[in-house]
Amino acid sequence: METQSINQKEGNVVNLDFKDSKYATGRRKKSIAKVWVKKGSGNIYVNGKKMVEYFLKANLQIAIFRPLTIVKRESEYDVRCSVKGGGLTGQAGAIIHGLARAIVLHEPDLKPTLKKENLTTRDSRAVERKKYGRRKARRSFQFSKR
């Protein structure tokens, strides 16, 4: 899976060669992201699409750039992600986690900066299960005195 070609709406094919890249896995809720990072010009591809086409919300686009912005390397790395499971917010969180870990593999001296922002740590929060005798995980059924 070193070379991948991406078909865009215009019909042209972008050839991505990730032979000399670093790989990391990111997780958030039910989402799992496989992230490849290499030196490049700042392009981010998610599931074969450009990041701005996959994540249409501006806050998710800004969030994905956050690890690169913190270490001031916005236009130095090309990123290819394969993400599955969960919703868009969880997928964005998984990409952030994987991207931060891959950057640390590329440049180990950036680890304290990313760790201080809690980007290399997996966010273990997940949905709590529903309990019997209750309406949701903690919410009780409505109580009527009369």
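R66 is partly exposed, with a relative accessible area of 37%; in this report, buried means under 20% relative accessible area, exposed over 50%, and partly exposed in between (1.4 Å probe, protein chains only). The structure is a predicted model, in which local features need pLDDT of at least 70 and side-chain atom pairs count only at pLDDT 80 or more, while totals for chains, interfaces and linings use all residues. Residues are numbered from 1 along each chain as its sequence is written, and side-chain values use heavy atoms, with hydrogens and water left out.

**Confidence and overall architecture**

The pLDDT value is the predictor's confidence in each residue, from 0 to 100. The chain averages a pLDDT of 88, and 88% of the residues score at least 70. Confidence is lowest in strand β1 (residues 3–7), at a mean of 52, and highest in α3, at 94. Where pLDDT is low, the predicted coordinates should not be read in detail.

The chain contains 4 helices and 7 strands. Helices (H or I, at least four residues) and strands (E, at least two) are DSSP runs, numbered from the N terminus. Along the sequence, these elements follow the pattern β-β-β-β-β-β-α-α-β-α-α. Of the 146 residues of the chain, 38% count as buried.

**The nonpolar core**

A nonpolar core is a set of buried Ala, Val, Leu, Ile, Met, Phe, Trp, Tyr and Cys residues joined through side-chain atoms within 4.5 Å. The largest such core has 29 residues, of which V46, F55 and I95 touch the most other members. Two or more residues come from each of β4 (31–39), β5, α1 (51–54), α2 (58–70), β7 (77–84) and α3 (88–106). Helix α3 gives the most, with 9 residues. In soluble globular proteins, nonpolar side chains tend to be buried together.

A contact means heavy atoms within 4.5 Å. Leaving aside neighbours within four places in sequence, I95 is in contact with A33, V35, V46, F55, I64, C81 and V83.

I44 lies in strand β5 (residues 44–46) and is buried, with a relative accessible area of 7%. Not counting residues up to four places away in sequence, I44 touches K49, K50, M51, I64, F65, L68 and V79. I44 and D78 are 34 residues apart in sequence, yet 6.0 Å apart in space, C-alpha to C-alpha.

**Salt bridges**

The structure holds 9 salt bridges, a salt bridge being a side-chain nitrogen of Lys or Arg within 4 Å of a carboxyl oxygen of Asp or Glu.

| Pair | Closest N to O distance |
|---|---|
| K39 and E107 | 3.9 Å |
| R66 and E117 | 2.9 Å |

R66 and E117 form a salt bridge that links helix α2 with the segment after α4, 51 residues apart. E117 counts as partly exposed, at 31% relative accessibility.

K39 and E107 also form a salt bridge, with K39 in strand β4 and E107 in the loop between α3 and α4 (111–116), 68 residues apart. K39 is partly exposed, with a relative accessible area of 47%, whereas E107 is buried, at 13%. K39, R73, E76 and E107 are linked in a network of salt bridges.

R138 is exposed, with a relative accessible area of 63%, while E128, at 37% relative accessibility, counts as partly exposed.
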